[in-house]
Amino acid sequence: MRPIALFAALSAFAVSAGLFLLTALNHLPFADWPSLPFDPAQMTTRQIIFAYAVLPRGAVAILAGAALGLAGALLQRLLRNPIADPSTLGVSAGAQLAIVTATLFFPEMLDGYRAFVALAGAAAATAIVFLLGWRRAFEPITMAVSGLLVGITCSALSAAMTLSQGEYLMSLVTWNGGSLSQQDWSTTTTLGLELLLGLAVTLLLLRPLTLLGLGDSSARSLGVALAGTRIAVTSVAVALSAGVAAAVGLVSFVGLAAPAFVRLLGVRTTRSILLLSPVAGGLLLWFCDGIVQLIASSAGETFPTGSVTALIGGPLLLWLLPQVRAVEPPQPPDSVLVARAPLSRLALILCVLPPFVWAALGVARLPDGWVLLSGDLFWELFPARWPRLLASAAAGGLLAMAGAMLQRLTGNPLASPEVLGVSGGAGVGYAVALSFSADAGAPTLFLGAGSGAIVVLVIVALFAARRHLPPERLLLAGISVSALSSAILSALLAVGDQRAWQILAWLGGSAAAATPETAAFLAGLTIVILATGLILTRWLVILPLGAPTALALGLPLVGARTMMVLTAGIATAAASLLVGPLSFVGLMAPHIAHRAGFEKAGSRLLASAVIGAVLMVIADLGARNVTFPYELPLGLFAAFAGAPYLVWMIGRRQ
């Protein structure tokens, strides 16, 4: 190890140990520390808290960080991808969904089997991501986007179930943020045994992992069983991640940061990276937990430690983007490159909308069954139904147009408000508006959400331009910003005040909050955004051709990109106020329009708006009736319908 690396490691240890010592002394003066072995019968209450809460918390922070550091190093080496870790590949989100499901509906399964529940969820999520990545040789873009889609779908399900069980709200939200609070040494023992077993298996896999760095062909020629090695390494990483999730909840990006810090110190060999990453992960989480406890002791506000690690991981992921190996942007299969659709096809799509509008207005589900409203009953319910119907359709159109614009802007068919982090930025802006104004109204919330969405888009676009990254890497920049936004929201949720309920409710989205005024505003904004897009059709045609071509054709590149960013940001922010940050409509609608043959920029924008409106009207109809008499969150219902389509779409790409 280089002298500077050794100095950095010792400095990190000294700072982390100093923070922990400060916390320990705040709990109990050094003279009163109990001696080993601990005997609760001979100890005061403060000594018992110190021995069975303070000390185990420090040990758990080190062991959990070490396990995640090792898991991240294994995944990065296996996939030859510096941004792979349990957070970015959906592993932790799968464990989260399994734990939340068991907590709410099958609590008896957690008695003695908590780790197995988490392992089952993590394994299922990882299997989906790896199956999708296998179709494209595990290239980084596909793995990152697949992990994001699987992760946010699992998070959406967890949020929906948490909202439906209010009595569990704060405990589950705090756990989701990664709480290291302890009451005995059992978690320390469990994590220690899991880490030792993981290290032992890692040592056995050192040779095949080293040879994998030469490429699949070379590794196979040297006798490496590729399938068996991948399964073994993935199993170890998933088991370590699930064990941490079961013990302390979700701790984000330690698996990403630890190997990155090790490589930053000049360590290059596979053996050294794998053995030093647990050390770096343990020190990182120990340091973050020390910061959290220091803030708690001085400000009286407790944040989950996992959220603080994500605040470090988001910027770090942006910094690591240039190291991701370049790949060609995904291209649509030849089978869908058809001639441009005639206007009659758009008219056919428009004909689909009225039947669903009629169903949304005239069909109701009552305790006695389905009924067709008519006469006085229809007009009695009409004032309550038409605003949410119009608002849902307008929100769908806005998200679809934002997705179509972003796909043209980046030249990437996987771009959308969700994937590029725009919706997450809108959520942070929404939460900030709530924080500064307890009685924030719709204009204030819209301003906050709009500002957050635009800031995220500007950050992502400026970063990509400054670093001269290929267009497809803009997706990865968006994913990192989205993760950072999620971390901020998790920290605000874990505070536990009224904002937590408002933010969590907004995350699901509800058309029931629509009023005639908001519906009219969204409808008017939809028309404005559509008119703006059609006026800027030439820009939408030229931008996907790349910067050199755009400049050669006289396009004001900076102004065009800025205009597209602002337009998509405003549309996303307005729609997110009603739908929430997750719906996938902005990704689905442009793809459906593309498969329907709408190739020209103007016709695709118009078709996407209509298809987005149809999808959201269907989502509103389903959200109101599928779980009658309870109503599902609008955005989450749309996401549940859209996620399988997106998984299928990625899986079909060769």
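The dialogue below sets computed values against their cut-offs for this predicted model.

Student: What does the secondary structure of the protein chain come to?
Tutor: The chain has 26 helices and two strands. Of its 654 residues, 56% are buried. Among contacts between residues at least 6 apart in sequence, 78% join residues at least 24 apart.

Student: Why is H2 called roughly antiparallel to H10?
Tutor: Helix H2 (residues 45-79) and helix H10 (residues 226-248) pack at an angle of about 155 degrees, and their axes are 9 Å apart. Angles over 145 degrees count as roughly antiparallel, so H2 is roughly antiparallel to H10. The crossing of H2 past H10 is left-handed.

Student: Which residues make the contact between H2 and H10?
Tutor: On the H2 side they include Val-60, Ala-64, Leu-68 and Leu-75. On the H10 side, Arg-230, Thr-234, Ala-237 and Ser-241 are among them.

Student: What classes of residue does the contact of H2 with H10 have?
Tutor: It has 15 nonpolar, two polar and one charged residues. Arg counts as charged, and Arg-230 of H10 is in the contact.

Student: What makes the pair of Phe-378 and Trp-379 edge-to-face?
Tutor: The ring centres of Phe-378 and Trp-379 are 5.1 Å apart, with 90 degrees between the planes. Rings pair if their centres lie within 6.5 Å, and planes over 60 degrees apart count as edge-to-face. Both conditions hold, so Phe-378 and Trp-379 form an edge-to-face aromatic pair.

Student: How many aromatic pairs are there by this rule?
Tutor: The count comes to eight.

Student: Are Phe-378 and Trp-379 buried or exposed?
Tutor: Phe-378 has a relative accessible area of 19%; the cut-off for buried is under 20%, so Phe-378 is buried. Trp-379 stands at 56%; exposed means over 50%, so Trp-379 counts as exposed.

Student: Why does Arg-604 count as buried?
Tutor: Its relative accessibility is 13%, and buried means under 20%, so Arg-604 counts as buried. Arg-604 is in helix H25 (residues 601-625). Leaving aside neighbours within four places in sequence, Arg-604 is in contact with Pro-590, Ala-593, His-594, Phe-598 and Glu-599.

Student: Which residues does a cis peptide bond join, and what is omega?
Tutor: Leu-36 and Pro-37 are joined by a cis peptide bond, with omega about -10 degrees. Pro-37 lies in the loop between helix H1 (3-27) and H2.

Methods
Residues are numbered from 1 along each chain as its sequence is written. This is a predicted model: local features need pLDDT of at least 70, side-chain atom pairs count only at pLDDT 80 or more; totals for chains, interfaces and linings use all residues. Side-chain values use heavy atoms; hydrogens and water are left out. Helices (H or I, at least four residues) and strands (E, at least two) are DSSP runs, numbered from the N terminus. Buried means under 20% relative accessible area, exposed over 50%, partly exposed in between (1.4 Å probe, protein chains only). Contact means heavy atoms within 4.5 Å. Axes are lines fitted to C-alpha atoms, for helices over the stretch in contact, and angles run from 0 to 180 degrees between N-to-C directions. Angles under 35 degrees count as roughly parallel, over 145 as roughly antiparallel, 65 to 115 as roughly perpendicular and the rest as oblique. A crossing is left-handed if the near helix is turned anticlockwise from the far one by less than a right angle, and right-handed if clockwise. Rings of Phe, Tyr and Trp (its six-membered ring) pair if their centres lie within 6.5 Å; planes under 30 degrees apart count as stacked, over 60 as edge-to-face and the rest as tilted.
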